[in-house]
Amino acid sequence: MIRLRRLLGPEKAPTPKPDLALVLSGGGARTAYQVGVLMAVAEMLPRDAPSPFSVVTGSSAGAINAVSMAAGAPNFRGAVVRLANFWRNLETARVYRSDFRGIYGKGLHWVAALGLGGMGPRNPRSLLDISPLEAFLRQNLHLERLQQNIDAGVLRGLAITASSYASGRSVSFYQAVDEIIPWERSLRLGESTQLKLDHVMASVAIPLLFPAVRIGNEYFGDGSMREVAPFSPAIHLGGQRVLAIGTRPDCVEGGNRITAQEQVCELPEYPSLGSIGGFMLETLFLDSFDADAERIKRINQTIENLRGRGRKQPVGQDRRPLKPVEVEIMMPSCDLLEIARQYSHRFPWPVRHLMRGLGAFGQGNALPSYLLFDGEYCKALLEMGHRDGRDNQETLKRLLFE
């Protein structure tokens with residue numbers, strides 16, 4: 001069990017900057033890694049300190065972590081410990097029905113619907129039944145605390161991103177201080193609302209696997225689908241320093257990236273359904289952190305160049321002056337596919353049997369790493385995140401305190 005330890009010594013820790021933002025991407029079970037990094041951040045703060053992040057945003061499974069951290073903002077370490085315990089004690093059955101009837105009953109429902117040409121009275125809406133997750137989150141997320149934390153000044157705003165199946169837009173639903181102005185850009189917008197469980201369930205609704213959620217007159221799915229500017233909600237809510245925690249490994253094969261030219265040039269076997277499913281999830285959760293960070297860097301350079309020439313400070317579409325934004329990105333340091341392979345035997349038997357039939361346990365298949373909602377696997381991810389956070393403590397200290 002990981003215990004939080006102080007990294008700053010016996011003296012009083014410096015006060016974090018008030019414009020810090022936390023951005024949490026999607027990644028299914030992989031998002032346990034994000035909590036490990038936050039454990040390292042908690043070690044840098046006094047035990048009873050409030051959250052250093054005045055702005056929190058999340059999409060897909062990262063939205064669950066984001067809401068939990070925002071709701072627990074008055075005591076950052078306590079919020080991290082509770083969230084770590086959630087992942088550490090997680091079971092697949094707590095996320096989706098993993099018994100024989102839950103898995104194969106859904107499959108037979110799909111077969112019947114296809115056989116009838118979609119003419120049945122109740123056509124299936126998803127491959128998995130995630131009613132256990134909805135019931136658990138309803139009891140444990142404490143969304144009612146968000147406004148209390150905003151009113152108390154320990155939270156500036158929380159944004160949860162989902163994708164509209166009707167308009168194709170990426171919508172960031174946010175609850176924040178009154179001064180925040182809703183925004184609208186090409187295929188993305190920010191909508192002020194009182195956040196509810198439906199917004200969270202919409203954000204985690206992986207296409208086909210989990211059912212879409214109706215909000216207003218639209219149905220929404222996973223927030224990672226159309227998220228081309230993942231830092232935008234945080235910046236609109238007032239963040240000027242951003243810590244982004246993703247789930248895409250920063251290295252593979254012992255720390256070395258393998259290029260296409262270095263791979264063996266042999267004709268591979270035809271991809272299995274499990275391989276295709278894993279590739280689809282890899283594509284869905286291929287966050288745009290690097291691309292968005294490059295855009296922010298170019299904007300920062302433009303602002304600095306104009307300042308150096310004595311030019312008038314540029315303004316955004318909302319007519320507010322543009323300010324430089326600092327971004328730090330944390331990614332897993334090791335290959336998550338290999339870790340998932342070591343724990344794949346912990347899938348419940350019906351799920352393991354189905355995934356084996358789909359060819360999901362082949363070499364390099366990503367599907368298990370996203371769907372293995374198991375405490376032992378998540379513990380390994382927590383430990384990796386904690387280790388990565390400690391290895392990058394100087395970067396984190398600079399972002400938080402300097």
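Is phenylalanine 136 buried or exposed? At 19% relative accessibility, phenylalanine 136 counts as buried, where buried means under 20% relative accessible area with a 1.4 Å probe and protein chains only, exposed means over 50%, and partly exposed is in between.

## About the model

This is a predicted model, so local features need pLDDT of at least 70 and side-chain atom pairs count only at pLDDT 80 or more, while totals for chains, interfaces and linings use all residues. Residues are numbered from 1 along each chain as its sequence is written, and side-chain values use heavy atoms, with hydrogens and water left out.

## Rings that meet

The structure has 8 aromatic pairs; rings of Phe, Tyr and Trp (its six-membered ring) pair if their centres lie within 6.5 Å, and planes under 30 degrees apart count as stacked, over 60 as edge-to-face and the rest as tilted. One of them joins phenylalanine 86 and tryptophan 87 edge-to-face, at 5.2 Å centre to centre and 70 degrees between the planes. Both of these residues are buried.

Phenylalanine 86 also pairs with phenylalanine 136, this time stacked, with 5.3 Å between centres and 20 degrees between the planes. Because phenylalanine 86 lies in helix H3 (residues 76-88) and phenylalanine 136 in helix H5 (residues 131-140), the pair ties together parts that are 50 residues apart in sequence. Helices here are DSSP runs (H or I, at least four residues), numbered from the N terminus. Ring pairs link Phe86, Trp87 and Phe136 into a cluster.

## A charge over a ring

Over at tyrosine 370, the charged end of arginine 30 sits over the ring, 4.1 Å from its centre. The rule asks for NZ of Lys or CZ of Arg within 6 Å of the ring centre and within 35 degrees of the ring normal.

Note on methods:
Helix = DSSP H or I, 4+ residues; strand = E, 2+ residues; numbered from the N terminus.
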